[in-house]
Amino acid sequence: MMPRSVAVLLENCLDYAGTFPPARLDLKVAFENYLRYRKGAERALVRSFVCPVSVLKDLPERVESEVVLSVIGTRAENSIKETVEKDFALLSDFSKTHSRDYRVQSYEIRANSPLEIHGSWFEDLHRMFPGIRAFIEIPFDETTLSDSLSALKTENLFGKVRIAERDSVLSGEQLARWLVLCANLRLPFKATAGLHHPIYLDERGTYKHGFLNLFCAGTIAYFGGDEFVVNSILECGDSSEFRFLEDAFEVLGHRAEISRIREAREWLISFGSCSVDEPIEGLEALGYWEAAHAEIQ
């Protein structure tokens, strides 16, 4: 019997961001990819289509089945309030013409400073678009991180962590700190960038985080794992240390039952990726892909 735990751990874990780097696909090509994924075995992983708010208008008005969208807000150069007001106008126009076949699940924007979390702009989002969850990417500043995440929780907002950007990648210690803080606050979040591989890679000092590491470490953090334990799972590059069983997973001596995995996944929502093929190829190489999509066959 194939291990069910890996299917539960990875169910709808990936938001497809094909128009974003490094893929940078044309919107039409990326959207067609998404529609194909939602019909195929890939739908075991793929949750939403990630679309910049500026090109929502270019999506086809009618599609065969409902499309779930994660909308990326405009990068605020100055006032985030003015930026989101313009974004909300675009969202409103889109809703008038495309509401039949699309469901906007989230609106995501990058804050330039923790102070922007304390504005009132998100109240307009909750009022104008009830049901859309706002994920706020905040600068990873060790001195303000705890207060910023607490502010998100207080304002009924959600977190977003950028794992890699240009030539920099969050260290395992930094990512472990994020996971533990969010777990302690019960602050749901999503991750983005730099998660094409299932297992942590360290090639002569150049490292890449693994999405299996992230979801396993997150689950352990959610149920009380400290930063040392969580970091050890994040930086575990030995796939033989990961054991996916029918009723649980085990990694480095830490175990999570199916019920705990499901509960933690309500909190650690997804990760954004411009590629679906690479994560699947990685899972295939480990022998997990068949198990990951077996639940939908």
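**Pockets and salt bridges**

Guide: Let's start with the second largest pocket, which has a volume of about 270 Å³. The model is a predicted one, where local features need pLDDT of at least 70, side-chain atom pairs count only at pLDDT 80 or more, and totals for chains, interfaces and linings use all residues. Residues are numbered from 1 along each chain as its sequence is written, and side-chain values use heavy atoms, with hydrogens and water left out.

Visitor: What makes a space a pocket?

Guide: On a 1 Å grid over the protein atoms alone, a pocket is an open set of points where a 1.4 Å probe fits, with protein on both sides within 12 Å along at least five of seven lines. Lining residues have an atom within 4 Å of a point. The volume is the space filled by probe spheres set on the points, with grid points joined across faces, edges and corners.

Visitor: Which residues line the second largest pocket?

Guide: Among them are Glu 11, Arg 47, Arg 133 and Glu 266. By class, that lining has two nonpolar, one polar and six charged residues; Asp, Glu, Lys and Arg count as charged, Ala, Val, Leu, Ile, Met, Phe, Trp, Tyr, Cys and Pro as nonpolar, and the others, Gly among them, as polar.

Visitor: Why is the contact between Lys 190 and Glu 108 called a salt bridge?

Guide: The term asks for a side-chain nitrogen of Lys or Arg within 4 Å of a carboxyl oxygen of Asp or Glu. Lys 190 and Glu 108 come to 2.5 Å, N to O, so the pair qualifies. Lys 190 lies in strand 9 (residues 189-192) and Glu 108 in strand 4, so parts 82 residues apart in sequence are tied together. Strands here are DSSP runs (E, at least two residues), numbered from the N terminus.

Visitor: Is Lys 190 buried or exposed, and how do you know?

Guide: Buried means under 20% relative accessible area, exposed over 50%, and partly exposed in between (1.4 Å probe, protein chains only). Lys 190 has 2%, so Lys 190 is buried.

Terms used
Helices (H or I, at least four residues) and strands (E, at least two) are DSSP runs, numbered from the N terminus.
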